[in-house]
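Welcome! Here is a short tour of a structure, with the main points sorted by topic. Keep the view open while you read.

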Amino acid sequence: MSSIESDEEDLTRKQRREQAREQRKAMEEAAAAGAARRARLTQLGIVVSVVVVAIVLVLIITSGGGKSGIPASKAEKNSVTHEIAGLITGIPQSGNALGSPTAPVTLQYFGDLECPICRQFTTGALPSIIPQWVRTGKLRIEYHSMETATREPEVFKTQQIAAYAAGKQNKAWYFIETFYHEQGEEDSGYVTEKYLQGIASQVPGLNLAQWTSDRNDPELANEVKTDEQAANNHGFTGTPAFLIGRSGGALTKLEYSSAPSNPGFVNEAVEKLLKA
Amino acid sequence: MSARALRITLIVLTVLGLGVASYVTYVHYAGIKPACTAGESCTKVQTSRYSELVGIPVALIGLIGYVAILASLLARETETTRFATAALTLGGFAFSAYLTYREIFSIHAICEECASSAVIMTIMAGLSVWRFLRGEETLAAGPLAAPPGVHSSAGEPAAPLSSAS
């Protein structure tokens with residue numbers, strides 16, 4: 001074998017070794033990349049599983065009937081009636097107003113009986129506002145209608161008129177309070193004739209025949225319309241919305257800065273007006 | 001799309017989402033009318049009981065989510081931060097999907113701000129998952145940059161910005 005042939009053979013062997021090394025390296029890199037990709041997919045799979053479980057939990061929490069206040073039993077209805085009676089019995093009522101006609105401060109409360117935020121205000125803030133300011137003769141609260149949460153305008157009109165019809169017997173606030181306490185699942189179509197009759201039957205001393213007849217009074221439908229116009233004129237876009245001021249004087253907008261169940265914003269405004 | 005462009009796109013989308021979430025959170029606490037071209041539908045969504053989850057405004061949950069995503073994007077890019085961004089945006093996407101479901105099937109009204117946020121979050125989830133699966137390492141200029149030659153936590157050498165692809 002010549003020296004030239006030997007050199008060529010060495011070079012070929014070197015090249016083959018080099019090629020084999022490069023192939024091995026490429027395979028190792030491909031295997032490492034594949035493993036990394038599989039690891040990332042596994043990590044994402046775990047995240048997706050956790051997210052799916054979390055969303056299912058959120059759906060269960062928000063779909064539950066826990067938020068609905070519609071009582072399942074007569075005992076629950078009695079409990080609501082008892083609670084409301086304890087809060088407002090003995091306080092003068094006139095039409096849709098609660099409180100002494102000579103109270104120095106007036107609060108106009110614009111609400112939709114199906115509005116859940118109004119429910120928060122009514123069941124959260126009013127139980128402290130009413131004993132402190134209304135029962136003591138310092139504040140008079142007038143309820144007015146503004147459609148927000150109720151989907152069907154006709155249903156809205158019917159339910160608000162039902163409350164005002166109770167007001168013809170000076171019992172509107174029993175009806176309003178009971179409705180909010182027993183408010184059903186939003187947009188579930190729970191406001192039926194039977195439901196309204198049920199609320200009315202819980203109002204102590206309400207003459208049901210008179211109430212049924214008064215619901216057809218066109219004056220009440222006009223009142224709901226007038227309330228809506230007033231809400232529009234004041235630029236209200238959501239409920240609950242409020243106007244407050246010295247009785248007989250100009251009323252100004254009152255906005256809540258924290259949760260509507262916190263009575264602080266009303267307390268502050270009333271204190272300020274009483275000092276003025 | 002280069003890794004840098006992808007990261008910048010995600011940051012821009014996060015800032016947009018942060019703006020929307022901040023506005024909706026402000027509107028929620030101030031009790032004012034949200035800007036809405038679709039009549040009262042935004043107000044209807046805003047006053048719905050689904051506007052809060054266990055007493056916490058969903059707008060605030062969104063705001064916190066966007067802040068967390070922004071933090072994961074502004075941190076030095078590693079395998080871990082890419083994973084964090086992907087996980088957070090997937091969570092945000094799922095939550096947006098839940099809220100959109102509630103708007104359509106429970107409240108029967110669409111809030112424009114919520115829909116904008118849902119679109120932003122959907123794009124971000126897609127981009128951040130793609131970014132995570134690509135597994136690229138990049139360095140950005142300025143405050144996002146790491147010194148040349150710095151190695152990532154995954155042990156990969158950090159590519160200079162100009163060569164990032």
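Let's begin with one helix. In this predicted model, helix α1 of chain B covers residues 3-30, which is 28 residues. From its first C-alpha to its last it reaches 40 Å, close to the 40 Å expected at 1.5 Å a residue.

**Inside chain B**

- Several residues of α1(B) are buried, among them Ala3(B), Arg7(B), Leu10(B), Leu13(B) and Thr14(B).
- Further along α1(B), the buried residues include Gly17(B), Val20(B), Ala21(B), Val24(B) and Val27(B).
- An α-helix has 3.6 residues a turn, so residues three or four places apart point the same way.
- What do the buried residues of α1(B) pack against? Their partners are α2, α3 (58-74), α4 and α5 of chain B.

**Where the chains meet**

- Chain B brings 27 residues into contact with 28 residues of chain A.
- On the chain B side, the elements giving two or more residues are α2 (41-46), α4 (79-107) and α5 (112-134).
- Helix α4(B) provides the largest share of that side, with 9 residues.
- Sorted by class, the chain B side has 14 nonpolar, 9 polar and 4 charged residues.

**Chain A as a whole**

- Chain A contains 9 helices and 6 strands.
- Of the 276 residues in chain A, 34% are buried.
- Take the contacts in chain A between residues at least 6 apart in sequence: 80% of them join residues at least 24 apart.

**The sheet of chain A**

- The 6 strands make an open sheet with mixed pairing, in the order β1-β2-β4-β3-β5-β6.
- Strands β1 (93-94) and β6 (252-254) of chain A stand at the edges with a single partner strand each, so one side of each has no neighbour in the sheet.
- Strand β1(A) runs antiparallel to β2 (residues 97-98) of chain A, and 2 bridges join the pair.
- Within this pair, Gln93(A) sits opposite Leu98(A) in β2(A).

**Two helices crossing in chain A**

- At what angle do helix α4 (residues 153-167) and helix α8 (residues 218-233) of chain A pack? The angle is about 115°, and the axes are 9 Å apart.
- The crossing of α4(A) past α8(A) is right-handed.
- From α4(A), the residues Lys157(A), Gln160(A), Ile161(A), Tyr164(A) and Ala165(A) take part, and they meet Leu220(A), Ala221(A), Glu223(A) and Val224(A) in α8(A).
- This contact of α4(A) with α8(A) has 6 nonpolar, 1 polar and 2 charged residues.

Conventions
Residues numbered from 1 in each chain as written. Chains lettered and ligands numbered in written order. Predicted model: local features only at pLDDT ≥ 70, side-chain atom pairs only at ≥ 80, totals over all residues. Contact = placed C-beta atoms within 7 Å. Helix = DSSP H or I, 4+ residues; strand = E, 2+ residues; numbered from the N terminus. Nonpolar A, V, L, I, M, F, W, Y, C, P; charged D, E, K, R; others polar. Expected span 1.5 Å × (residues − 1). Buried ≥ 20, exposed ≤ 12 C-beta atoms within 10 Å, placed from the backbone. Axes fitted to C-alpha atoms, helices over the stretch in contact; angles between N-to-C directions. Left-handed = near helix turned anticlockwise from the far one by under 90°. Pairing = 2+ DSSP bridges.
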